[in-house]
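Dear colleague,

I am passing this structure on to you, as you have not worked with it before. Please look through it first, and then read my notes below alongside it.

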Amino acid sequence: MEALPVFLNVQGVRCLVAGGGEVAFRKARLLTRAGANLHIVAPRACDRMLALLQEHGGHFDRREVLEMDLEGAQLVIAATDDIQANENVSQWARSRNIPVNVVDQPALCTFYMPAIVDRSPVVVAISSSGTSPVLTRSLKEMNEVMIPAGIDRLAGLLGSMRGEVKKRIADFAGRTAFWENVLDSEVPELVYAGREEEARAALGRLLDGAGPRTGEVWLVGAGPGDPDLLTLRALRLMYRADVVLYDRLVSEEILARIRPDAELIHVGKGPEMHSMDQFAINDMLIRYAREGHKVLRLKGGDPFIFGRGGEELTTLAESGINFQIVPGITAASGCAAYAGIPLTHRDHAHSVQFLTGHLKDDVLDLDWPALVRPQHTLVFYMGLKSLPIVCEQLRKHGMPSETPAAVVSQGTTRQQQVAAGNIENLSGIAERAGIKAPAITIIGEVVSLRDSFAWFEG
Ligand code: SAH
């Protein structure tokens with residue numbers, strides 16, 4: 001290690017910033033966030049620096065930096081565009097043993113400024129010891145993605161219980177084990193879901209040593225196929241689940257991101273699924289949750305769009321099982337985006353409707369006249385089999401034969417296929433192209449925009 005990582009308490013401490021430009025402003029802003037008492041010295045200051053001084057107070061000397069400015073300073077940052085001035089500041093600081101940072105000049109620094117991920121009170125600081133600011137920034141981005149937005153509230157809750165836990169669990173090792181147990185329990189997810197009172201109660205139960213932890217079901221949308229379209233919350237829960245019940249529509253690539261030691265159970269049979277099977281799934285969800293497991297119910301697309309999510313929740317709610325719902329990108333948005341078809345557009349469509357083309361006893365019972373409207377996009381889920389009927393009925397009810405239409409199969413995956421035409425010839429085109437399920441059909445003027453907007457090759 002080239003330097004000692006520390007977090008410096010600068011509350012009310014006089015910190016000198018030499019420089020008044022944008023770079024100096026960013027450092028000064030950071031110092032004010034940490035409660036420092038600012039002293040800025042620069043011949044000129046940018047507007048943002050002046051605004052910062054006005055908002056947070058501090059002292060501004062509008063001139064070149066001088067050796068006397070170091071008197072009383074406990075931390076110094078040089079961010080001027082004058083190399084000599086930066087060198088002087090560094091030398092003056094070092095001769096007085098005041099920690100000094102000169103922006104972009106590691107040789108003149110006695111400390112480096114890390115890249116930070118700020119979820120105060122949780123702060124992650126990252127440094128490459130001055131070797132590569134860009135690498136540091138990319139590590140920062142990775143952390144921004146991985147650290148839950150609500151970790152500040154979690155830290156607040158844990159912090160508020162620390163005294164109590166210390167009183168009740170005397171030995172250090174016991175406390176460490178307790179806190180590890182808390183982080184592995186339902187407490188963090190309850191906090192992230194905004195259920196802080198429940199989280200506090202659960203933490204209290206753990207402290208009382210009361211019974212086994214309670215199970216929970218997470219109903220999570222996995223998106224249409226491309227694993228990059230998973231939400232951050234979905235990914236996090238995929239890594240925390242003990243048992244995963246997943247549908248036929250959830251891709252292998254997505255399953256590969258589930259915690260390796262989780263138990264994987266394939267339950268989906270597709271659109272023809274018999275209602276008995278749904279009962280069996282509901283029972284399984286309840287049984288695993290009652291056994292204390294964290295159960296992930298992973299569904300293709302969004303659980304609330306033709307996903308039977310509502311039915312599963314009814315059973316869970318009736319059985320008093322805790323649950324969480326995480327939306328996913330539904331097939332219509334995923335496929336439309338990856339096929340270059342905007343579902344609405346100022347000039348072509350002011351509304352969009354999601355329908356199911358699922359046949360019941362070979363019949364598709366829809367309010368056809370209501371579907372035929374100008375500037376309206378239709379998206380049919382589960383409609384590959386019924387495609388000829390859909391096109392025929394729409395034409396019969398007055399939709400012009402040349403209305404553009406497309407079928408997107410296995411959308412957003414490397415196997416994506418798009419067959420485009422109009423409502424008169426689409427079925428033939430899709431059949432000749434060998435289009436396979438899962439597929440959605442998009443009908444409306446917007447489909448013609450695909451010629452200019454297509455970008456994904458599959
Ligand atoms: N809850 C899901 C839909 C489930 S119904 C969602 O929100 O997307 C199943 C239907 O979704 C399939 O028959 C197909 O019409 C559509 N579908 C799901 N994934 C798809 C994909 N990758 N490409 C095309 N259609 C898809």
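In what follows, a residue is taken to be near a molecule if one of its heavy atoms lies within 4 Å of it. Please keep in mind that this is a predicted model.

I begin with the ligand, which is surrounded by 18 residues, the closest being D302, I305, T330, M382 and A439. Among these, T330 places a polar side-chain atom 2.6 Å from an oxygen atom of the ligand, while M382 has a backbone N or O atom that lies 2.7 Å from an oxygen atom of the ligand. A polar backbone atom of A331 is likewise found 2.8 Å from an oxygen atom of the ligand.

Next come the helix pairs. Two packed helices are described by the angle between their axes and the distance between the axes. For helix 1 (residues 22–33) and helix 2 (residues 47–56), the axes come within 9 Å and cross at roughly 20°; since angles under 35 degrees count as roughly parallel, helix 1 and helix 2 are therefore roughly parallel to each other. Their crossing is left-handed, and in the contact E22, A24, F25, A28, R29 and T32 of helix 1 meet R48, M49, L52 and H56 of helix 2. By class, this contact of helix 1 with helix 2 holds 5 nonpolar, 2 polar and 3 charged residues.

In the other pair, the axes of helix 5 (residues 151–168) and helix 6 (residues 172–183) come within 12 Å and cross at roughly 150°, which makes helix 5 roughly antiparallel to helix 6. The crossing of helix 5 and helix 6 is right-handed. Here L154, L158, M161, R162, V165 and K166 in helix 5 meet R175, F178, W179, V182 and L183 in helix 6, and the residues of this contact divide into 8 nonpolar, no polar and 3 charged.

Finally, some points about the backbone. Most residues other than glycine have a negative phi, and most peptide bonds are trans. A cis peptide bond, however, joins S120 and P121, with omega about 10°, and P121 sits in the loop between strand 6 (115–119) and strand 7 (122–126). Another cis peptide bond joins A437 and P438, with omega about -5°, where P438 belongs to the loop between helix 16 (426–432) and strand 17 (439–443). D362, a residue other than glycine, has a positive phi near 65°, and its place is in the loop between strand 13 (351–356) and helix 14 (368–371).

With kind regards

Conventions. Residues numbered from 1 in each chain as written. Predicted model: local features only at pLDDT ≥ 70, side-chain atom pairs only at ≥ 80, totals over all residues. Heavy atoms only, no water. Axes fitted to C-alpha atoms, helices over the stretch in contact; angles between N-to-C directions. Helix = DSSP H or I, 4+ residues; strand = E, 2+ residues; numbered from the N terminus. Parallel < 35°, antiparallel > 145°, perpendicular 65-115°, else oblique. Left-handed = near helix turned anticlockwise from the far one by under 90°. Contact = heavy atoms within 4.5 Å. Nonpolar A, V, L, I, M, F, W, Y, C, P; charged D, E, K, R; others polar. Polar contact = N/O pair within 3.5 Å; in protein donor to acceptor, adjacent residues only side chain to side chain.
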